[in-house]
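Here is a short tour of one protein chain. Keep the structure in view and follow along as each part comes up.

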Amino acid sequence: MSIATVEVSLSALNHNLERLHAAAPHSQIAAILKANAYGHGMIEIAKHLKDKVACLGVARLSEAIALRQAGIHSQILLLEGCFPHENVECVVEYGLQTVIHSPEQIEQLKTVKFNTPITVWFKLDTGMHRLGFRPEEAQHYFHQLALCDSVRKPINIATHFCCADELESAITPTQIKIFDQFITSIEDKNLIGLQSLAASGGIFAWPQAHRDMIRPGIVLYGVSPFAFNCPGKSTGHELGLKPVMTFKSELIAVRKHKQGESVGYGQIWTSSEDTLLGVVAMGYGDGYPRSIPDKTPVLINGRRVPIVGRVSMDMVLVDLGAGALDKSGDEVIFWGEGLPIEEIAHHTNISAYELLTSLTIRAKIRYTR
Ligand SMILES: *Cc1c(COP(=O)(O)O)cnc(C)c1O
């Protein structure tokens, strides 16, 4: 196949799920599937995981509806709740759980009558300062929420870390402390439901934050959330995970190239010697970023070779080296098996999260067992 392919290993996904169960043995798992399951294909990943995890987490109502329309009957959590223009009745209609992070959402819930109360997650802002109730107002709003007939009791409580990937930072312990102070301050303990604090970074760096439910996103897909120079944690492999995605294409031409000749748009690279250049069917039209710097490695026939020149929409060039034996049709791996995406993220200064979620619909996803 002479096209960009996103090969997704469901056995690697199973392996990672087992690894997460082992890492947080007392916690339920909310598998995070937002943004097309980080580029892995939301529906297929959901079908594979639905009976293996407690809950599926998404960031948009449209994602939750797409899952329901695909016949997924699992628990689904809206990580950011319904948005102001959306109808909160959708939560009931589609049987969703929702995060409650703002006074407006509580006001909305006061005005509706549901036949069955909905499961909600009260979001506490412990330091991320993005969504959630500030600690000094949280008591008040938690009780307002508890007064809503449309809300099932007890109420689950969640927060999100801003620096869980920074192992030396004092911010995460502070966030945990603020969370625990809030829990302690709730007088009616019967109102306290499940607790959830940890996403990927928290799972592997802050075990005291595992609690009732962990929310793995990127680690589920076998990728480390930590910096590339973080000892013992810089790749999924080091965390005991396997890369789920291998992003690949193939050589469509191998060409002689002379010393002093430039290549591609803008002539940004010139060869210092006679060499062989490979042309690969991969470009920013597939999701391989145009801002990739030259010398970024790809894997061809088991060895790393550098990208040269500017990534274009449909093609990218690699310097195979004089005397290379690679030929048209040979496989080229951009990240995944044998070439960790964390290495590409480090090299390009583009986070693995962004690389994964930038893939386009032209890159066909293929699932293997
Ligand atoms: C995206 C998200 C996650 C998953 O984050 P990872 O770092 O990919 O594990 C967990 N919780 C919330 C609230 C999120 O928005």
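We begin with a helix. In H4, which covers residues 61–69, the buried residues are Leu61, Glu63, Ala64, Ile65, Leu67 and Arg68. What do the buried residues of H4 pack against? Their partners are helix H2 (34–39), helix H3 (42–49), strand S3 (55–58), strand S4 (76–78) and helix H5 (89–93). Just after H4 comes glycine 71, with a positive phi of about 85 degrees.

**The whole chain**

This is a predicted model. The chain has 369 residues, and 54% of them count as buried. It holds 11 helices and 18 strands. Its C-alpha atoms fill a box of roughly 75 × 45 × 35 Å, taken along the principal axes. Now take the contacts between residues at least 6 apart in sequence. Of these, 65% join residues at least 24 apart.

For one example of distance, pick lysine 177. Lysine 177 sits in helix H8. Its relative accessible area is 53%, so it is exposed. Valine 316 is 139 residues away from lysine 177 in sequence, and their C-alpha atoms are 49 Å apart in space.

**The cores**

In soluble globular proteins, nonpolar side chains tend to be buried together. How many residues does the largest nonpolar core have here? It has 120 residues. Those with the most contacts inside it are Leu33, Leu109, Phe122, Phe247, Tyr288, Phe334 and Trp335. Apart from this core lies another, of 6 residues, including Val263, Trp269, Leu277 and Leu317.

Leave out residues up to four places away in sequence. Phenylalanine 247 then touches, among others, Ala4, Thr5 and Val6. Its contacts also include Met282, Asp286 and Tyr288. Further along the chain, Val332, Ile333, Phe334 and Trp335 are among the residues it touches, as are Leu359 and Ala363.

Helix H7 (residues 135–146) packs with helix H8 (residues 171–185) at an angle of about 35 degrees. Their axes are 10 Å apart, and the crossing of H7 and H8 is right-handed. On the H7 side, the residues that meet H8 are Pro135, Ala138, Gln139 and Phe142. On the H8 side, they are Ile178, Phe182 and Ser185. By type, the residues of this contact are 5 nonpolar, 2 polar and no charged.

**Salt bridges**

Side chains of opposite charge can pair when their charged atoms come close. The count comes to 13 salt bridges. Three of the pairs are set out below.

| Aspartate 180 | Arginine 211 | 2.8 Å |

Take the salt bridge between aspartate 180 and arginine 211. This pair links distant parts of the chain, 31 residues apart. Aspartate 180 is in helix H8, while arginine 211 is in the loop between helix H9 (200–205) and strand S9 (213–214). Aspartate 180 is partly exposed, at 28% relative accessible area. Arginine 211 is partly exposed too, at 24%.

Glutamate 331 lies in strand S17 (residues 331–335) and lysine 248 in strand S10 (residues 245–257), 83 residues apart. Are the two partners buried or partly exposed? Glutamate 331 is partly exposed, with a relative accessible area of 38%. Lysine 248 has 11%, under the 20% cut-off, so it is buried. Both belong to a network of salt bridges that links Glu7, Lys248, Glu331 and Arg366.

Aspartate 326 is in the loop between strand S16 (316–319) and S17, and arginine 303 is in strand S15 (residues 303–308), 23 residues apart. Aspartate 326 counts as buried, at 7% relative accessibility. Arginine 303 counts as partly exposed, at 30%.

**Backbone details**

The peptide bond from lysine 153 to proline 154 is cis, with omega near -5 degrees. Proline 154 lies in the loop between H7 and strand S7 (155–158).

Which residues other than glycine have a positive phi? Alanine 37 is one of them, with phi near 50 degrees. Alanine 37 is placed in helix H2 and counts as buried, at 0% relative accessibility. Asparagine 301 also has a positive phi, of about 45 degrees. Asparagine 301 lies in the loop between strand S14 (297–300) and S15.

Conventions. Residues are numbered from 1 along each chain as its sequence is written. This is a predicted model: local features need pLDDT of at least 70, side-chain atom pairs count only at pLDDT 80 or more; totals for chains, interfaces and linings use all residues. Side-chain values use heavy atoms; hydrogens and water are left out. A nonpolar core is a set of buried Ala, Val, Leu, Ile, Met, Phe, Trp, Tyr and Cys residues joined through side-chain atoms within 4.5 Å. Buried means under 20% relative accessible area, exposed over 50%, partly exposed in between (1.4 Å probe, protein chains only). Contact means heavy atoms within 4.5 Å. Axes are lines fitted to C-alpha atoms, for helices over the stretch in contact, and angles run from 0 to 180 degrees between N-to-C directions. Helices (H or I, at least four residues) and strands (E, at least two) are DSSP runs, numbered from the N terminus. A crossing is left-handed if the near helix is turned anticlockwise from the far one by less than a right angle, and right-handed if clockwise. Ala, Val, Leu, Ile, Met, Phe, Trp, Tyr, Cys and Pro count as nonpolar, Asp, Glu, Lys and Arg as charged, and the others, Gly among them, as polar. A salt bridge is a side-chain nitrogen of Lys or Arg within 4 Å of a carboxyl oxygen of Asp or Glu.
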